[in-house]
Amino acid sequence: MKAIVISEPGAPEVLQLREVGDPEVKDDEVLIRVHATALNRADTLQRLGSYPPPPGSSPYLGLECSGTIESIGKSVSRWKVGDQVCALLSGGGYAEKVAVPAAQVLPIPAGISLKDAAAFPEVACTVWSTVFMMGRLSPGESFLVHGGSSGIGTFAIQMAKHQGVRVFVTAGNEEKLAACKELGADVCINYKTEDFVAKVKAETDGKGVDVILDCIGAPYLQRNLDSLNFDGRLCIIGLMGGAIAEIKLSSLLPKRLTVLGAALRPRSKENKAVVVAEVEKTVWPAIEAGKVKPVIHKYLPLSQAAEAHSLMESSEHIGKILLVT
């Protein structure tokens, strides 16, 4: 098969399409002929050499895909050859074929194309497991998502609104804020021109929001804590701005705040299976009802993975960037 190989850690140009060996399929896995895969920030970090795949995972990039099942392992019962599916991966999506545990495979949601289904597994599993399972975001609460126009952000806005939540977002320009507003965001904040802490306080009568989803890390840590309501939960899923921060612990105690850290890729197969099952039960009906839609910025052929990475690192995109085989 063909796959995108990292010739050496570095800029997007190190991504090269090469002929490689087919994946081996274990007893509890299925082999998917990949139709499309989606970019995630973790892919750019792996390309740079700073986020290696978990032990035993595919060495190739790609944390989600859609496609058709080509073969199944001996112990697989739910799926059969020819099924059109999408899947949460530990790696290997930037290839023509990928082997994945059967418990991390999902049916294509009704009304969604095979190609667009590649946009859902990683964001759905990340947001549902972090914001709703760990962060316990509930109907009637308020929620701030940083980077509202990202793949994670565009999904989180829609899912939170579907759950009856008031949604705040930050983004860096008016086009992105308008896109967030169209998806249902209630309060849109330009982080380049506005103080999001002051805006959140002003919009909540000084109370703050109940849950924050943050991908920035260190420079936002104290400001996020200052933006939380009593019993607020801060969910950190990325460190784009840095990993080391100093905070006032005194800001945690009076308001009974919780700081949660979460990464999806390093989780065990068993843990991922639980998350995927929850996503199929709770998120897939929302997608099939048209309450949550794929937000696709651009489709590119797999051979143009380098261009796709450059686009992602420019942060000019709104929603997901897909690579199609």
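A crossing of two helices is called right-handed if the near helix is turned clockwise from the far one by less than a right angle, and left-handed if the turn is anticlockwise. I wrote this down first, for the entries on helix pairs. I also noted that the model is predicted.

**Entry 1: H2 and H3**

I looked up how helices H2 and H3 meet, and found that they pack at an angle of about 60 degrees, with their axes 10 Å apart. Angles from 65 to 115 degrees count as roughly perpendicular, and H2 and H3 are therefore described as oblique to each other. With the definition above in hand, I recorded that the crossing of H2 and H3 is right-handed. On the H2 side the contact is made by Val123, Ala124, Thr126, Val127, Trp128 and Phe132, and on the H3 side by Gly151, Ile152, Phe155, Ala156, Met159 and Ala160.

**Entry 2: H3 by itself**

How far apart are the end C-alpha atoms of helix H3, residues 151-162? They are 17 Å apart, and this agrees with the 16 Å that twelve residues should span at 1.5 Å a residue. I then checked burial, and listed Gly151, Ile152, Gly153, Thr154, Phe155, Ala156, Ile157, Gln158, Met159 and Ala160 as the buried residues in H3. Because ten of the twelve residues of H3 are buried, I describe this helix as largely enclosed by the rest of the structure. Just after H3 I came to glycine 164, which takes a positive phi of about 80 degrees.

**Entry 3: H2 and H7**

I went back to H2, residues 121-134, to follow its packing against helix H7, residues 269-282; the angle here is about 90 degrees and the axes are 9 Å apart. H2 and H7 are therefore roughly perpendicular to each other. The residues that make this contact are Ala124, Cys125, Trp128, Ser129 and Met133 of H2, together with Val274, Val275, Val276, Glu278, Val279 and Thr282 of H7.

**Entry 4: H1, H9 and what lies around H9**

For helix H1 (residues 41-48) and helix H9 (residues 305-314), I noted a packing angle of about 110 degrees, with axes 10 Å apart. H1 and H9 are therefore roughly perpendicular to each other, and their crossing is left-handed. In this pair, Arg41, Asp43, Thr44 and Arg47 in H1 meet His309, Met312 and Glu313 in H9.

Which residues of H9 are buried? I listed Ala305, Ala306, Ala308, His309, Leu311 and Met312. The buried residues of H9 pack against strands S1, S2, S14 and S15 as well as against H1.

From strand S14 (residues 296-301) I picked out leucine 300. With a relative accessibility of 5%, leucine 300 counts as buried, because the cut-off for buried is under 20%. Leaving aside its neighbours within four places in sequence, leucine 300 is in contact with Glu307, Ala308, Leu322, Leu323 and Val324. I also compared leucine 300 with alanine 263, and found the two 37 residues apart in sequence and 27 Å apart in space, C-alpha to C-alpha.

I next looked for residues that have a positive phi although they are not glycines, and one of them is serine 315, at about 60 degrees.

I located arginine 256 in the loop between strand S12 (228-236) and strand S13 (258-261). Arginine 256 is partly exposed as well, with a relative accessible area of 47%.

**Entry 5: Cysteines**

How many disulfides does the structure hold? I found zero. Cysteine 65 is in no disulfide, and the nearest cysteine sulfur, that of cysteine 86, is 7.9 Å away. Cysteine 180 is likewise in no disulfide, and the nearest cysteine sulfur, that of cysteine 188, is 5.7 Å away. For the reasoning I needed the cut-off, which asks for two cysteine sulfur atoms within 2.5 Å. Last, I checked burial for both cysteines: cysteine 65 is buried, with a relative accessible area of 0%, and cysteine 180 is buried, with a relative accessible area of 1%.

Note on methods: Residues are numbered from 1 along each chain as its sequence is written. This is a predicted model: local features need pLDDT of at least 70, side-chain atom pairs count only at pLDDT 80 or more; totals for chains, interfaces and linings use all residues. Side-chain values use heavy atoms; hydrogens and water are left out. Helices (H or I, at least four residues) and strands (E, at least two) are DSSP runs, numbered from the N terminus. The expected span of a helix is 1.5 Å times one less than its number of residues. Buried means under 20% relative accessible area, exposed over 50%, partly exposed in between (1.4 Å probe, protein chains only). Axes are lines fitted to C-alpha atoms, for helices over the stretch in contact, and angles run from 0 to 180 degrees between N-to-C directions. Angles under 35 degrees count as roughly parallel, over 145 as roughly antiparallel, 65 to 115 as roughly perpendicular and the rest as oblique. Contact means heavy atoms within 4.5 Å.
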